[in-house]
Amino acid sequence: MSDKKIKSALISVYYKEGLDEIVRGLHELGVRIFSTGGTYNHIDQMGIPAGKVEDLTGFPSILGGRVKTLHPSVFGGILARRENKGDSEQMAQYNIPEIDLVIVDLYPFEETVKSTSDEEEIIEKIDIGGISLIRAAAKNFNDVLIISGREQYPGLLGLLKEKKGFTSAAERRRFAAEAFMTSSHYDTEIFRYFNK
């Protein structure tokens with residue numbers, strides 16, 4: 001594990017606040033950006049080029065938005081071990097791009113539970129794709145940087161500005177640990193709801 005340069009990013013966030021400076025920083029460094037739905041529209045309105053995840057997967061967002069990123073073309077790009085020859089060959093075979101940075105936040109489940117008793121609305125705020133992206137990117141911290149919430153944006157901006165998009169193994173591992181804390185807390189809140 002050594003310093004790695006961010007060359008591509010997947011951005012899929014519920015909250016858009018604070019995102020603009022990150023996107024501009026990535027664009028200035030020549031990072032290829034992939035995005036989903038509302039996040040793609042936000043980036044497009046900024047006048048910054050981005051690829052749609054649905055163009056990557058060949059599938060539109062389906063089931064009312066329940067399935068957007070759950071596809072081998074996305075998760076292969078995140079989970080591929082860059083120094084594994086077999087992984088590299090399969091990436092080439094299936095035309096899967098590497099994804100070096102994942103920026104994702106989760107549907108506001110905890111906030112929704114506090115604001116309504118409507119079970120259907122609460123259940124729809126159980127994030128599936130987002131939590132999977134977080135876990136995949138954190139698992140592959142050898143090669144991928146995971147940003148799992150807005151509170152980490154200042155740290156990412158520092159890496160983009162001071163290190164020109166390079167990250168150390170220790171930095172990637174630290175963000176991965178924070179990502180697993182995020183996923184653990186999120187699942188705990190869901191568990192509490194179902195066992196209230």
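## Ground rules

Because the model is predicted, local features need pLDDT of at least 70 and side-chain atom pairs count only at pLDDT 80 or more, while totals for chains, interfaces and linings use all residues. Residues are numbered from 1 along each chain as its sequence is written, and side-chain values use heavy atoms, with hydrogens and water left out.

## Ring pairs

Searching the whole structure turns up 5 aromatic pairs. Rings of Phe, Tyr and Trp (its six-membered ring) pair if their centres lie within 6.5 Å; planes under 30 degrees apart are stacked, over 60 edge-to-face, and the rest tilted.

One of these is Tyr14 with Tyr107, edge-to-face at 6.0 Å centre to centre, with 70 degrees between the planes. Tyr14 sits in the loop between β2 (8-12) and α1 (19-28), and Tyr107 in the loop between β5 (101-104) and α6 (109-115), so the pair ties together parts 93 residues apart in sequence. Helices (H or I, at least four residues) and strands (E, at least two) are DSSP runs, numbered from the N terminus.

Phe109 and Tyr186 are edge-to-face too, because their centres are 6.3 Å apart and their planes at 65 degrees. Phe109 is in helix α6 and Tyr186 in helix α10 (residues 169-194), 77 residues apart. Together with Tyr193 and Phe194, they form one aromatic cluster.

Phe109 and Tyr186 are both buried. Tyr14, at 37% relative accessibility, is partly exposed, and so is Tyr107 at 24%. (Buried is under 20% relative accessible area, exposed over 50%, partly exposed in between; 1.4 Å probe, protein chains only.)
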